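This briefing covers selected local features of one chain.

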Amino acid sequence: MSSRLASISVDLDSLGHYCRIQGLPESLLDERARSLVWATAIPRYLELFSMVGAPATFFVIASELADPRLAPALQTAARAGVELANHSFSHDYALSRRSRVEIEADLRQAHDAITSQTGVAPVGFRAPGYTLSSAMLQAVAALGYTYDSSTFPAAPYWLAKATVMKALSVLGRPSRAILDSPNVLLAPRVPYRPSLEAPYRRGDGPLLELPMAVTPLARVPFIGTFATSMPWPLVEATFRRLRHDRHLNFELHAIDVLDATDGIPEALARQQRDVGVPVREKLKRLRRLFTWMGDDRERVTLADAAQRLSGRLDG
Ligand SMILES: [Zn+2]
């Protein structure tokens, strides 16, 4: 079996978080729009994973367990071999700027809620908005987690986010997102053992950092939204640029398997251009990519990837 690994992970952000990023009121969302994660996205992903025979990881925002219909959907996922991991309680985009004590309280609250409501204790974390800080990584380590997967060292993403946030603030519609330190652009793009003092640098922390996929040199992000909405020849070429990487960490969101006909409000669909791609096309593309990942890699959950890589990174 190949020693190279691929992991598929999905951040289960509900549409309310997209409203917050885009500076739109959450009152836009009706009951159907609020239910899309557990009622539509999770079942579509489970069908896709089972079709291609790949395991995956779901990052859960624990405050969303307030809807009692989410936990049973996650239990079904866990029984199908999906790892459940921690995506914070509040999904506060500014969480990384809070104190160590406040961050640890949020993460523990999430850990306890996910554990008690799904029966699965997470061992990994992904930061809201992919923004890490030393205090945040220390809080993740204090939970005894084996990995963090928040580093997204993508130059075009960072620049685009900076531009959009500036534009929204000029429009008087400030985004609730925050911009990460440009240090993230110098972070390793391969799995590394991070410093707890400077999470985007190598060090001797007790856990692994599993960065999300970006290409060598140009650091083009290879994530779900890119794969489902960019011209296919570009997607294929970008995928091939990653072929030598030891670990391909492919990150998606729940919204990547939804489209405008699922009941996403007009105002939000205008801002999130990728929801204009028909879901049939998105699923076809993802099925092809997930299959290719299995051609020359072993597909594993992020927890398994962390376990397999931890000995090798220190060697
Ligand atoms: Zn998120």
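**Strand pairing, helix packing and positive phi values**

The model is predicted.

- Strand 3 spans residues 82-86, and five of its five residues are buried.
- The cover extends to both faces of strand 3: V82, L84 and N86 are buried on one side, and E83 and A85 on the other.
- Strand 2 (residues 56-60) runs parallel to strand 3, and five bridges join the two.
- One of these pairings involves V60, whose bridge partner in strand 3 is N86.

**T57 in strand 2**

- T57 belongs to strand 2.
- T57 counts as buried because 28 other C-beta atoms lie within 10 Å, where the cut-off is 20 or more.
- Leaving aside residues up to four places away in sequence, T57 touches V82, E83 and A85, and also S7, S9, T301 and L302.
- T57 and A85 are 28 residues apart along the chain, yet their C-alpha atoms are separated by 6.9 Å.

**Helices 3 and 4**

- Two packed helices are described by the angle between their axes and the distance between the axes.
- For helix 3 (residues 36-52) and helix 4, the angle is about 0° and the axes are 10 Å apart.
- Helix 3 is therefore roughly parallel to helix 4, as angles under 35 degrees count as such.
- The contact brings W38, I42 and L46 of helix 3 against L70, A73 and A77 of helix 4.
- By class, the residues of this contact are six nonpolar, no polar and no charged.

- Most residues other than glycine have a negative phi.
- S88 is not a glycine, but has a positive phi of about 80°.
- S88 sits in the loop between strand 3 and helix 5 (100-118).
- S88 has 25 C-beta neighbours inside 10 Å and so counts as buried.
- Y130, also a residue other than glycine, has a positive phi near 55°.
- The loop that holds Y130 lies between strand 4 (124-125) and helix 6 (134-142).
- Y130 is buried, because 23 other C-beta atoms lie within 10 Å.

Note on methods: Residues numbered from 1 in each chain as written. Predicted model: local features only at pLDDT ≥ 70, side-chain atom pairs only at ≥ 80, totals over all residues. Buried ≥ 20, exposed ≤ 12 C-beta atoms within 10 Å, placed from the backbone. Helix = DSSP H or I, 4+ residues; strand = E, 2+ residues; numbered from the N terminus. Pairing = 2+ DSSP bridges. Axes fitted to C-alpha atoms, helices over the stretch in contact; angles between N-to-C directions. Parallel < 35°, antiparallel > 145°, perpendicular 65-115°, else oblique. Contact = placed C-beta atoms within 7 Å. Nonpolar A, V, L, I, M, F, W, Y, C, P; charged D, E, K, R; others polar.
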